[in-house]
Amino acid sequence: MPDMRPIGCCTWIFAGEELPSIAMRARRAKLNGVELHGDMVGLDPALSGRLLTDAGLEVFSVTPDDADISHPDPMQRQAGVTYYARLIEWVVRLDHPRVRLSVHGQVGRIRPLADQTTEWEFLVESVQHIAAAAAKAGLSVVFELLNRYESHQVNTVAQGLSLIERVAAPNLSLLPDAYHMNIEEADPPAALRAAGRAIGLYHAADSNRQGIGEGHTDFAAHVAALDAIGYRGPIILEPATPGPDPFRADKGDGFRDRLEAMITASAARLRKIQEITQERASLPA
């Protein structure tokens with residue numbers, strides 16, 4: 001049987017909690033690593049990388065703060081590309097060998113300011129620049145697929161494959177997210193299979209953006225699809241506790257403890273799902 005995929009969580013879900021505290025929560029939850037929110041403000045990458053190594057945690061990926069890389073204003077668009085150039089330098093200084101750089105547009109911009117076709121071309125051009133800069137630094141890039149209520153561009157696997165084809169960068173792959181796929185894909189497991197080797201990272205939260213098993217997503221079918229395409233990379237948990245404002249991680253008093261319980265249970269459920277799925281796959285037809 002293949003080894004279990006490593007499981008991590010994204011640090012932004014803890015809404016600015018100090019990294020040593022997040023690392024302790026990740027270890028208590030029996031996670032293997034984290035996805036860092038690369039805001040670059042007040043977070044020294046070299047110190048952060050060593051802290052996580054000492055805690056027995058790998059940095060699987062770095063997700064960006066908002067940067068609008070398809071804005072029709074060339075100055076704003078260039079500011080977004082420049083942000084990623086700084087972020088690449090920041091990621092390199094983490095000194096974790098398999099870290100992936102995540103890319104997406106500005107979260108919350110749900111309609112074009114110019115027109116959809118023009119901004120698609122701007123997006124392609126910006127991602128080409130970012131992927132080239134990342135390649136020079138020896139980094140792989142994953143483009144995250146967001147739902148229509150968070151972005152007007154690249155909502156589905158099919159659109160992501162079109163972007164990869166246009167950008168034509170060998171270090172670029174896709175980051176599908178179970179929560180976003182629940183909204184955008186008619187058949188999420190089939191979309192994962194269609195993406196195949198183009199998947200470079202996978203995010204997991206249930207259909208209500210809570211923990212695994214708290215919504216109606218069929219994660220056994222997702223895992224079976226990941227097995228079928230040979231994806232052995234990390235599963236990054238990105239749930240949120242219930243509460244208002246989906247763009248704000250802080251849900252009030254005690255939310256971090258509730259979130260820790262959520263990721264602890266989610267990791268255990270995912271490991272069990274993987275175990276059962278692998279056992280079924282090994283049975284004779």
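This is a predicted model: local features need pLDDT of at least 70, side-chain atom pairs count only at pLDDT 80 or more; totals for chains, interfaces and linings use all residues.
Is Ala-220 buried, partly exposed or exposed, and at what relative accessibility?

**View 1. Ala-220 in helix α8.** Ala-220 belongs to helix α8, which covers residues 219-229. Its relative accessibility is 30%, so Ala-220 counts as partly exposed; the buried class would require a value under 20%. Leaving aside residues up to four places away in sequence, Ala-220 touches Ile-273 and Thr-277. Ala-220 and Leu-270 are separated by 50 residues in sequence, yet their C-alpha atoms lie 8.6 Å apart in space.

**View 2. Strand β1 and its covered faces.** Strand β1 consists of residues 7-10, and both of its faces are covered. Ile-7 and Cys-9 are on one side, Gly-8 and Cys-10 are on the other, and all four residues are buried. In a regular strand, side chains alternate between the two faces of the sheet.

**View 3. The strands paired with β1.** Strand β1 is joined to strand β8 (residues 235-237) by 3 bridges, and the two run parallel. Within β8, Leu-237 is the bridge partner of Cys-9. Strand β1 also pairs with strand β2 (residues 33-38), again in the parallel sense and over 3 bridges. In β2, Gly-33 stands opposite Gly-8. Together with helix α1 (residues 19-28), strands β1 and β2 make a right-handed β-α-β unit.

View 4. Cys-9 is in no disulfide, and the nearest cysteine sulfur, that of Cys-10, is 7.4 Å away. Cys-10 is likewise in no disulfide, its nearest cysteine sulfur being that of Cys-9 at 7.4 Å. A disulfide would need the two sulfur atoms within 2.5 Å. Cys-9 has a relative accessible area of 0% and is therefore buried. Cys-10 counts as buried because its relative accessibility is 0%.

**View 5. The aromatic pair Tyr-83 and Tyr-84.** A search of the whole structure finds 1 aromatic pair. The ring centres of Tyr-83 and Tyr-84 are 5.4 Å apart and the ring planes meet at 80°, so the pair is edge-to-face. Tyr-83 and Tyr-84 are both buried.

**View 6. Arg-77 over the ring of Phe-122.** This view shows a charged residue and an aromatic ring. Arg-77 lies over the face of Phe-122, at 3.7 Å from the centre of the ring.

How values were computed
Residues are numbered from 1 along each chain as its sequence is written. Side-chain values use heavy atoms; hydrogens and water are left out. Rings of Phe, Tyr and Trp (its six-membered ring) pair if their centres lie within 6.5 Å; planes under 30 degrees apart count as stacked, over 60 as edge-to-face and the rest as tilted. Buried means under 20% relative accessible area, exposed over 50%, partly exposed in between (1.4 Å probe, protein chains only). A charge sits over a ring if NZ of Lys or CZ of Arg is within 6 Å of the ring centre and within 35 degrees of the ring normal. Contact means heavy atoms within 4.5 Å. Two strands pair if DSSP finds at least two bridges between them. A crossover is right-handed if, with the strands pointing away from the viewer, the path from the first strand over the helix to the second runs clockwise.
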